[in-house]
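Biologist: Hi! Please walk me through this one.

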Amino acid sequence: PEPDALALAEAILAEADFADLPYARVDLVHDATGWAVMERELVEPSLFLGYSESAPGALARAIAARLD
């Protein structure tokens, strides 16, 4: 993601006290005035685990870390 879009998404999650969630997604679109939020998603049923070989392990580590 573009650095300013990533910074905005992180700020949006932090402002809503969601910065420490193991999964969150902020969908942005750039319009004539700058970045606009399309969606803030905190639950994803599929998590797209098939798109990366390391994703299942990363998810398992994140869950284990939250349980410790």
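**Loop, helix and strand**

Biologist: What is the relative accessible area of Leu47?

Modeller: Leu47 has 27%, so it is partly exposed (buried is under 20%, exposed over 50%, partly exposed in between; 1.4 Å probe, protein chains only). This is a predicted model, where local features need pLDDT of at least 70, side-chain atom pairs count only at pLDDT 80 or more, and totals for chains, interfaces and linings use all residues. Residues are numbered from 1 along each chain as its sequence is written, and side-chain values use heavy atoms, leaving out hydrogens and water.

Biologist: Where is Leu47 found?

Modeller: In the loop between strand 2 and helix 2 (55–67) (DSSP runs numbered from the N terminus: helices H or I, at least four residues; strands E, at least two). Leu47 has a positive phi of about 60°, although it is not a glycine. Phe48 lies in that loop between strand 2 and helix 2 too, with a positive phi near 55°, and is partly exposed at 42%.

Biologist: Switching to helix 1, which residues are buried there?

Modeller: Ala5, Ala9, Ile12 and Leu13. They fall within an arc of 95° seen down the axis, so they line one face of helix 1 (the arc is that of directions from the helix axis to the C-beta atoms). Pro3 and Glu15 are exposed on the other side of helix 1.

Biologist: And what covers the buried residues of helix 1?

Modeller: The cover includes strand 1 (25–31) and strand 2.

Note on methods
Contact means heavy atoms within 4.5 Å.
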